[in-house]
Amino acid sequence: MKNFCFISIVVAIFTLINSVYAAENLTEAKLFANLPDNCPTPDAFAIAPNETLTLSCPNFANNKLQGELFSVDKLGNVSHLATVPKLGLSKKANPMGIAYGPEGALYVADSRGIKHGRILKMSFDQNKLVKTEIFASGINPNGLRIHQNAVYITQPQIPNISAENITSGIYRFSLNDKNKVMTNSLMDKELIFNVQTDNPDVQIGLDGLDFDKDGHLFTTDLGDGEVYKLTLDRDGNVVRKELYMKISNDARIDGMVFDDKGNLYLAGFALNQIFKITPDKQLIKIADYPDNDGSSGQIDQPADLMVYDGKLVISNFDLMKGNGLRNTAHSKPYTLSYINLK
């Protein structure tokens, strides 16, 4: 296993106790947007330079559809932004996590599997795609954020590791990098953090990630329900790890995002739930929905969320079903929900 030189490793016992919800303040979710037929599985968000919301659609529900990007304005109007190019591969792109760099390019986690996954850099002019480059390959990225001229991605499973449970990790790339090729192993120097997932029933590891206003990197292990707070040095190395919060692993936490008050919002993928962790580390469940079709804005298998124009906007993936999942069928309408934060 790769060794990390942590200045300190903090596991707060009271945080584990706080895995029992400090309070519930359930809030009604409302319909933000109906999505077109070529976005049956909406995933991740990014705020564009023109202040619209960009949405990624990997379209796992229909492999005949290409991977798509859409723009959504503050009123919930949806317009097509771009089809994500195949770039020499026979199968379609699967855009997941997305974020805009300081130069205005969109970085896309193209999650095509261990062999063909990569990070793409897509450049636009007046909302028209003019160039797509392969920024990094040899990985299978999921969540993606940009912070201080670096791209950070989660990879929920790092292959070819002899362990009882899966290992997942976070990679960091400089925005100055070009066409980086990874070995997809613990030997990659770009791999700055990794953990094993203990839950035998859900062997999916690190998924969502985001930065707080002080530059700490937060991430969550979907299978184990563990939220980590990572302190980075000026070179992006992890120098301190804290188990920040333990949430029931039944929730299967996916996307995460901070607001400007320091609240951390989490998408509970399995049970149609949304959580908030306050700056004083109270865990509050703010939405909890039974199985539904999302037609009235109900939370319907939330994958990602974004704070946007005073709202918490939520993508309803509405695809996976099986043990531990409230969702029982994939169906129209395809929707985005929101919870008013004002």
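I worked on a predicted model, where local features need pLDDT of at least 70, side-chain atom pairs count only at pLDDT 80 or more, and totals for chains, interfaces and linings use all residues. Residues are numbered from 1 along each chain as its sequence is written, and side-chain values use heavy atoms, with hydrogens and water left out.

Cavity. On a 1 Å grid over the protein atoms alone, I took a cavity as points where a 1.4 Å probe fits but cannot get out, and a pocket as an open set with protein on both sides within 12 Å along at least five of seven lines; lining residues have an atom within 4 Å of a point. I searched the whole structure and found 1 cavity of 30 Å³ or more. I noted a volume of about 140 Å³ for the largest cavity, counting the space filled by probe spheres set on grid points joined across faces, edges and corners. Its lining has 17 residues, with Ala44, Gly97, Gly143, Gly255 and Asp304 nearest the centre.

Largest pocket. I noted a volume of about 660 Å³. Of its 27 lining residues, Met96, Asn142, Ile204, Asp207 and Met320 lie nearest the centre.

Second largest pocket. I noted about 330 Å³ for this one. It is lined by 15 residues, and Arg145, Ile146, Asp210, Val257 and Met306 are the closest to its centre.
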